[in-house]
Amino acid sequence: MRVALIPALILLAFAPLAQAQTPAPAAAEAAPAVDPNKPLAVVNGKEIPALYGELVKIEMARGQAATPQLDVKVRESLVNLELLSRAAMDKGLDKEARLAAAIDIRRKDMLAKAYLEDYVKSHPVKDDEIKALYDKAKAEPAQVEYRARHILVKTEAEAKKIITDLGKKKGKFEDMAKKLSKDPGSAKNGGALDWSDRGAFVKEFSDAMAGLKKGEITKTPVKTQFGYHVIRLDDTRTPELPPMEAVRGEIVKQLQQQRVRDAITAARASAKIE
């Protein structure tokens, strides 16, 4: 089980200190093999287990190949971490309320994540569950998807003028969207929005869009929390559900998320919470 390390950023910050204080190994010199039974280092009589180095290396390498230089950086960063954390404790900083609380929260967070990972692993998703969820989705009516364009402006008067100009063919919808729309995501594409069902839009926009015929433009401005919209419906479609194997991974993730919710529900059910 891989555990994310909170000290990763701290260790990276310490790395330049390690480089400054420790001579770099010669290019031709190979790094000695790490003995998992021996500590990575001993600092003031306290051992730094080799396992610490393995975990930190994962974070510091970020998928890159291990090198002798990385091994040195990991070792020296952990030495710095041990020295500075000990210095903090010697000053009693670990007793400071906010720091102690933050350390405790982080510890509990890591333990909780480890428990949930273990729960999901010990309750693997079965093929019949995957099929049942797929069949349920297949039985549900498909949601119509819409492809629309819109021009978003601040005032109703601006939106009305755009509708009037479009009706008099004083400009193309796409060109007006590029020039006038306040929606930075769609304006550069002529107001085009991605294929989406109604749930992807706020209700006022969704209702107006769904009431249009293909190629039709709203006859009055549509007010939402974002401003005033002029909407054109370009097309609609009813998507088909992909084959089960094509969405198997997504279904597994959904079922694993349900496992997590189950674990939390079970933990809360047996607890006395006041």
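## Loop residues with positive phi

N44 is found in the loop between β1 (41-43) and β2 (46-48), where strands are DSSP runs of E of at least two residues and helices are DSSP runs of H or I of at least four, both numbered from the N terminus. The phi of N44 is positive, near 50 degrees, in a residue other than glycine. At 73% relative accessibility, N44 counts as exposed; the classes are buried for under 20% relative accessible area, exposed for over 50% and partly exposed in between, with a 1.4 Å probe and protein chains only.

K169 is likewise not a glycine and has a positive phi, of about 55 degrees. This residue is found in the loop between α6 and α7 (173-180), and K169 is exposed, with a relative accessible area of 74%.

## Model and overall composition

This is a predicted model, in which local features need pLDDT of at least 70 and side-chain atom pairs count only at pLDDT 80 or more, whereas totals for chains, interfaces and linings use all residues. Residues are numbered from 1 along each chain as its sequence is written, and side-chain values use heavy atoms, with hydrogens and water left out.

The secondary structure of the protein consists of 10 helices and six strands. Of the 274 residues in the protein, 27% are buried. The accessible surface comes to about 18700 Å², and carbon and sulfur atoms contribute 56% of it; these areas come from the Shrake-Rupley method with a 1.4 Å probe, and for residues only the protein chains shown count as cover. Among contacts with a separation of 6 or more, 68% join residues 24 or more positions apart, a contact being heavy atoms within 4.5 Å.

## Helix α2 and its surroundings

Helix α2 (residues 50-61) has 12 residues and reaches 16 Å from its first C-alpha to its last, close to the 16 Å expected at 1.5 Å a residue. That expected span is 1.5 Å times one less than the number of residues in the helix. Within α2, the residues A50, G53, V56, E59, M60 and A61 are buried. R62 follows α2 and has a positive phi, near 50 degrees.

N37 lies in the loop between α1 (8-21) and β1 and is exposed, with a relative accessible area of 72%. Although N37 and A50 are 13 residues apart along the chain, their C-alpha atoms are separated by 7.4 Å.

## Packing of α5 against α10

Helix α5 (residues 127-139) and helix α10 (residues 248-269) pack at an angle of about 105 degrees, with their axes 10 Å apart. Axes are lines fitted to C-alpha atoms, for helices over the stretch in contact, and angles run from 0 to 180 degrees between N-to-C directions. The angle makes α5 roughly perpendicular to α10, the term for 65 to 115 degrees; under 35 counts as roughly parallel, over 145 as roughly antiparallel and the rest as oblique.

On α5, the contact is made by D127, E129, I130, L133 and Y134, and on α10 by R248, I251, V252, Q254, L255 and R259. These residues divide into six nonpolar, one polar and four charged. Here Ala, Val, Leu, Ile, Met, Phe, Trp, Tyr, Cys and Pro count as nonpolar, Asp, Glu, Lys and Arg as charged, and the others, Gly among them, as polar.

T155 is placed in the loop between β3 (145-153) and α6 (156-167) and, at 35% relative accessibility, counts as partly exposed. T155 and P221 are 66 residues apart in sequence and 9.3 Å apart in space, C-alpha to C-alpha.

S196 belongs to strand β4 (residues 196-197) and is buried, with a relative accessible area of 18%. Leaving aside residues up to four places away in sequence, S196 touches V144, E145, Y146 and F201.
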